[in-house]
Amino acid sequence: MPDPTEDLALALVELYERLSSWEHAAVRGTGLTLPQMHCLEILGAAGPLRMKDLSERLGVTTGTLTALADRLEQAGCVERAPDPEDRRAVRLGLTGLGRERFAEHHVLHLSLTRALAAGLSPAQAAALARSLREMAGRM
């Protein structure tokens, strides 16, 4: 009997590699990099976020996010605004163009998700989503 941890590790690596290839192909030709699109995805799903909170969600330093935000701001996709709860903090939010870019990419995500989950029952899909969130929470 194969080691379940070994089998899961191999399956996760394979899924990551395929998703990574898919993501790179999905952003090709958009004028955005994959990290820039990930930033738009998070802001599109969560709404405006403090730079510190966004950097944590992206898994990057605030310095890296500042450079990323500068490029997205120059592209017209995001805007900075003072945080109403903390005068020292800055929030980053999507512009109209940023919302359009997010919506276009989100449609691709939904299409891919429908294709991947086509053989799952609603209960299985919900259980998979819970399991993936639990795993992500442990990282």
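**Figure 1. Arginine 80 counts as partly exposed, with a relative accessibility of 29%.** The view is taken from a predicted model. Arginine 80 forms a salt bridge with the side chain of aspartate 70, with an N to O distance of 2.7 Å. Aspartate 70 belongs to helix α4 (residues 62-74) and arginine 80 to strand β2 (residues 78-83), so the pair ties together parts that lie 10 residues apart in sequence. Aspartate 70 is also partly exposed, its relative accessible area being 31%. A network of salt bridges links Asp70, Glu73 and Arg80. Side chains of opposite charge can pair when their charged atoms come close. The search of the whole structure finds 8 salt bridges.

**Figure 2. Aspartate 83, in strand β2, forms a salt bridge with arginine 91.** The closest N and O atoms of this pair are 3.4 Å apart. Is aspartate 83 buried or exposed? Aspartate 83 has a relative accessible area of 4% and is buried, because buried means under 20%. Arginine 91 has a relative accessible area of 21% and is partly exposed. Leaving aside neighbours within four places in sequence, aspartate 83 is in contact with Arg50, Ala89, Val90 and Arg91.

**Figure 3. Glutamate 134 and arginine 138 are joined by a salt bridge between their side chains.** The N to O distance is 3.8 Å. Glutamate 134 is partly exposed, with a relative accessible area of 47%. Arginine 138 has a relative accessible area of 65% and is exposed, because exposed means over 50%.

**Figure 4. Helix α2 (residues 34-46) crosses helix α5 (residues 96-116) at roughly 95°.** The two axes come within 9 Å. That angle makes α2 roughly perpendicular to α5. Which residues meet in α2 and α5? Helix α2 brings Met37, Leu40, Glu41, Gly44 and Ala45, and these meet Gly98, Arg101, Phe102, His105 and His109 of α5. By class, the contact of α2 with α5 has 4 nonpolar, 4 polar and 2 charged residues.

**Figure 5. The largest nonpolar core has 20 residues.** The residues with the most contacts inside this core are Cys39, Leu40, Leu43, Leu54, Leu72, Val78 and Leu92. At least two residues of the core come from each of α2, α3 (51-58), α4 and β3 (86-94). Helix α2 supplies the largest share, 6 residues. Leucine 40 is one of the residues with the most contacts inside the core. Which residues does leucine 40 contact, leaving aside its neighbours within four places in sequence? Leucine 40 is in contact with Leu32, Leu72, Cys77, Val78, Leu94, Gly98, Arg101 and Phe102.

**Figure 6. The whole protein has 6 helices and 3 strands.** From the N terminus on, the elements run α-α-β-α-α-β-β-α-α. Along its principal axes, the C-alpha trace spans about 55 × 30 × 25 Å. Among contacts with a separation of 6 or more, 45% are between residues 24 or more positions apart.

Terms used:
Residues are numbered from 1 along each chain as its sequence is written. This is a predicted model: local features need pLDDT of at least 70, side-chain atom pairs count only at pLDDT 80 or more; totals for chains, interfaces and linings use all residues. Side-chain values use heavy atoms; hydrogens and water are left out. A salt bridge is a side-chain nitrogen of Lys or Arg within 4 Å of a carboxyl oxygen of Asp or Glu. Helices (H or I, at least four residues) and strands (E, at least two) are DSSP runs, numbered from the N terminus. Buried means under 20% relative accessible area, exposed over 50%, partly exposed in between (1.4 Å probe, protein chains only). Contact means heavy atoms within 4.5 Å. Axes are lines fitted to C-alpha atoms, for helices over the stretch in contact, and angles run from 0 to 180 degrees between N-to-C directions. Angles under 35 degrees count as roughly parallel, over 145 as roughly antiparallel, 65 to 115 as roughly perpendicular and the rest as oblique. Ala, Val, Leu, Ile, Met, Phe, Trp, Tyr, Cys and Pro count as nonpolar, Asp, Glu, Lys and Arg as charged, and the others, Gly among them, as polar. A nonpolar core is a set of buried Ala, Val, Leu, Ile, Met, Phe, Trp, Tyr and Cys residues joined through side-chain atoms within 4.5 Å.
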